[in-house]
Amino acid sequence: MTALAETGSEPVLTAPARIAPRPFGLVRHSLALAKRSVLKTLRTPEQLLDVTLQPIVFVLVYVYLLGGAISGSTEEYLQFLLPAIMVQTVMFAGMATGVNLNTDIGKGVFDRFRSLPIGRSAPLIGSVAGDLIRYVVAIASLLAFGAVMGFRFHTGAVEVLAACLLTVFFAFCLSWAFVLIGMLMRSPGAVQGTAFLILFPLTFGTSMIAPKETMPGWLQSWVDVNPVAQLMDASRALMLGGQLGNDVLWVLVWSVGFLVVFAPLAVGAYRRRT
Amino acid sequence: MVWAFEAEGLVKRYGKTTALAGIDLRAERGAVLGVLGPNGAGKTTAVRILATLLRPDAGRAAVGGLDVVKDAAKVRRLIGLTGQYASVDEDLTGTQNLVLIGQLLDLRTSDAKARAAELLAGFGLSEAAGKQVKTYSGGMRRRLDLAASLVGRPDVIYLDEPTTGLDPAKREDVWTMVRALANDGVTVLLTTQYLEEADALADTISVIDHGKVIANGSPGELKRVVGGQTVLVRPSDPAHLDAAGAIVAAVAGRKVESPARGVLTVPVDGDAAFTEIVQRLARDRIPVTELSLRLPSLDEVFFTLTGHHTKEDAA
Ligand SMILES: Nc1ncnc2c1ncn2[C@@H]1O[C@H](COP(=O)(O)OP(=O)(O)OP(=O)(O)O)[C@@H](O)[C@H]1O
Ligand SMILES: [Mg+2]
């Protein structure tokens, strides 16, 4: 503190110069806040357990419990399961964004952000965008673990990358729905509970763990319209080869739909909450 | 005249609770306004409205002549806020926290870094600059929090209970900083629960209770209303109580009280009386274990102003 006095005649704390606003504020501010979010995640790696360890446990359980029954061999079943469970993993990571934001916005840091001359939605956009790092970590750790267990791609790098990007884009767009829930609910527990109600039919009402043909008719009709099922089929086709069909197109349409509906709603709820 | 900031008739309700019941606060450019009030008086609510975080239900507030609701975006370029609860990011380092705020204030990254280094040095945090905030002590956190609200060189700065929870030495540090700010021409709104703190820093003190201003004036005026300082003497040897009491009574010209065994207190009008008591005790060789001059506590202030104690609020 003594340093304060030593600064002498030049006022270090303040000075008349006013900072001029620069263009593209929302983009720059959101990026700066996204970087904050990434730094926070990297500094607290234990927060990544839900996207690293948890999916691995799922894989182990499914492969060794169901693999033999469904595919005749665990090896074969792993090929079937992994491209689909990648989708589920990334979607759960998107849900965590909503849960974490619900805790974060009550803290003093968000008050400070709100007192700064930045767009009201910048902290929200920054947090959601910054969480993309969690998706990347989730995919990387799952694919690495899959490889160790014996999973092999049957297509080229471009297709595999396309599967990952499509999954990330879909989860990012859908995560705005969880952000909306995060803005509407009082406690993180309530957010998580509600999000699970949405996530379960979406991720399990698919061919993720068993082929569609083995399901009752009503469930098959749900699988047919469920965008997550289409995403899982697309992911399989892109990683293992096979008929791609219209799945990619439909997934993109759904993604954009989620984004344009839920992102503005979430931003609006965030403004009202404060 | 244009006030640096001004609030008029602010009302804010939370359900059945009336946090603010028509409050007026204002400060001239470069002045320090002390807002003194007990828990739940409405200090934080008033600060949040002036900082554009909350809309008032009625009344108006302006900073530099700009309305905090209609011109919120412009107001945010003029203000700095240090909230009651830490508003820095625990997981980031001191530098990362300040650089982020600089970037959000539209500084170029290189300028933001320079500004961060300058402020960290000014607050004696250079060494801890690269460490995560969660490793900081309470005092360091407070300093970083204050530094964070100065990145944009604000005209007006709000400090919501900046010394609550700090030990006396750290409190002095914050006081030094607030004085430095005022010297630089920054207008400061400082909330506190200590009359001593408001007295030490503020040009004007507004005492608030239940969302209303119940007294307003310079520290001198306020002390005239609530009574000046109190001298407390505790002779080392209880046998000296009567002799000490006689000296204290003679100097103060008032009735001496004994709030606890072996302790004498008496209200005095100025510092001179204290000096004289010290000298006379020394002359008569009366050793003391405790001798102090203090301002009335917030509770005593409230009792004088309202006839009830602050703690009765809960009842
Ligand atoms: N978000 C809120 N919801 C409901 N009631 C609130 C809310 N914020 C404040 N209050 C109530 O409004 C009143 C004033 O609160 P405020 O936080 O402004 O007081 P304060 O003077 O800052 O107190 P403290 O010294 O404890 O910080 C209190 O009765 C408080 O319980
Ligand atoms: Mg408060």
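How do the residues of the lining of the largest pocket divide into nonpolar, polar and charged? In this predicted model, the lining comprises nine nonpolar, eight polar and eight charged residues. The volume of the largest pocket is about 570 Å³. Its lining numbers 25 residues, and those closest to the pocket centre are A:Ile105, A:Gly106, A:Asp111, A:Arg114 and B:Arg48. Two or more lining residues come from each of helix H5 (108-114) and helix H8 (157-184) of chain A, and from H1 of chain B.

The second largest pocket holds about 460 Å³ of space. Around this pocket are 23 lining residues, with A:Arg36, A:Lys40, A:Asp104, A:Lys107 and B:Asp91 nearest the centre. The class breakdown of this lining is five nonpolar, eight polar and 10 charged residues. Helix H2 (25-43), helix H4 (74-104) and H5 of chain A contribute at least two residues each. The most is given by H4(A), which supplies five residues to the lining of the second largest pocket.

Helix H4 of chain A also contains A:Gln79. This residue counts as buried, because its relative accessibility is 14% and the buried class covers values under 20%.

In chain B, the magnesium ion (ligand 2) is coordinated by OG1 of B:Thr44 and OE1 of B:Gln84, at 1.8 to 2.1 Å. The two residues are 40 residues apart and link distant parts of the chain. B:Thr44 belongs to helix H1 (residues 43-50) of chain B, while B:Gln84 is in the loop between strand S6 (79-82) and helix H3 (94-104) of chain B. Both are partly exposed: the relative accessible area is 26% for B:Thr44 and 22% for B:Gln84.

At the level of domains, chain B is divided into domain 1, spanning 5-217, and domain 2, spanning 229-294. The centres of these two domains of chain B, taken over C-alpha atoms, are separated by 39 Å.

Key: Residues numbered from 1 in each chain as written. Chains lettered and ligands numbered in written order. Predicted model: local features only at pLDDT ≥ 70, side-chain atom pairs only at ≥ 80, totals over all residues. Heavy atoms only, no water. Domains from an automatic or database assignment. Donors = N, O, S within 2.8 Å, 3.2 Å for Na, K, Ca; no water. Helix = DSSP H or I, 4+ residues; strand = E, 2+ residues; numbered from the N terminus. Buried < 20%, exposed > 50% of the residue type's maximum accessible area, 1.4 Å probe, protein only. 1 Å grid on protein atoms, 1.4 Å probe; cavity = no way out; pocket = protein on both sides within 12 Å on 5 of 7 lines; lining within 4 Å. Points joined across faces, edges and corners; volume = space filled by probe spheres on them. Nonpolar A, V, L, I, M, F, W, Y, C, P; charged D, E, K, R; others polar.
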